[in-house]
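Here is a short report on strand pairing and nonpolar packing. Please look at the model first.

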Amino acid sequence: MSDGSDIDWLGLERTGEGRWEFVVTSGLARLDGKFYGGTGIASATAVMEAETGRRALWTTVQFVSSCAEGATVRAEVAVGAAGRRSSQVQVSAWVDDRLLYSALGSTGAPPAADALSVGFGQMPDVPAPEDCPPWRPRIPSGPFTGQGWLEISEGRAASESGSMWMRMRDRPLTRPAMGFLADVVPSGVVRAAGHTGAGTSLDNSIRFGPEPDGDWMLVDVDPYMISSGYVHGAARLWSSGGALLGVASQTASALIFD
């Protein structure tokens, strides 16, 4: 499971049995000051791990509403089942009396030393992070004026097809951090279509593999489609050493900035 550092950078505070709170700081917001989708899946994953004492296996978040920077988010965690190897968990996050997101996921005990572990597919041949140009969303003037989540994370453009190297600034790569960083999938899908833009997430899902290592993670975007104003896509998440760390997928309302 997480080393506990996620509780700190997310600003999570345990207020009771299965109850947590955090404030949406600028680093947990979008560039327009609204709640960042990556913060939703990161916070859900972190409290699932903290409440069960087990490492996350998968997390999916449905975004119901939004909030602005400075809002206090109240998360309620319910462990539906705690078996010998895995726990089934639900998280509901609220701002005042308004539901912000609903999350489902599972956590599991560490695998046995001789457990089978295989990752399929091959990491794409892209330059190392230090050889790639810095990546920042190319945004229009207007409300998108802040640094937002880029205050605490960093990106490098790895390919023309939309894949990106991502890392947290001065923090280790953990499962909650992987969810936070993988929220660039909508931007990658729009880039693959030859445009610049992003998306307002309707959902965010991630399935975790082996323990993350190193600082950088390659978000190898697999663009599905852009249809009727919505972006659909996925990504394989690779360590800098070539290990498949997880897979992510999202649907988002498209934002085209051209």
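In which sense do strand 9 and strand 11 pair, and over how many bridges? They pair in the antiparallel sense, over 3 bridges. Two strands pair if DSSP finds at least two bridges between them. Strands (E, at least two residues) and helices (H or I, at least four) are DSSP runs, numbered from the N terminus.

This is a predicted model: local features need pLDDT of at least 70, side-chain atom pairs count only at pLDDT 80 or more, and totals for chains, interfaces and linings use all residues. Numbering starts from 1 along each chain as its sequence is written, and side-chain values use heavy atoms, without hydrogens and water.

**Strand 9**

| Strand paired with strand 9 | Residues | Bridges | A bridge pair |
|---|---|---|---|
| Strand 11 | 217–227 | 3 bridges | Trp165 and Leu218 |

**Nonpolar cores**

A nonpolar core is a set of buried Ala, Val, Leu, Ile, Met, Phe, Trp, Tyr and Cys residues joined through side-chain atoms within 4.5 Å. The largest has 59 residues; Trp149 and Phe180 are among those with the most contacts inside it. Helix 2 (residues 37–52) gives this core its largest share, 6 residues. A second, separate core has 9 residues, including Trp165 and Leu244.

Beyond four places in sequence, Trp149 is in contact (heavy atoms within 4.5 Å) with residues including Met166 and Phe180.

Terms used. Buried < 20%, exposed > 50% of the residue type's maximum accessible area, 1.4 Å probe, protein only.
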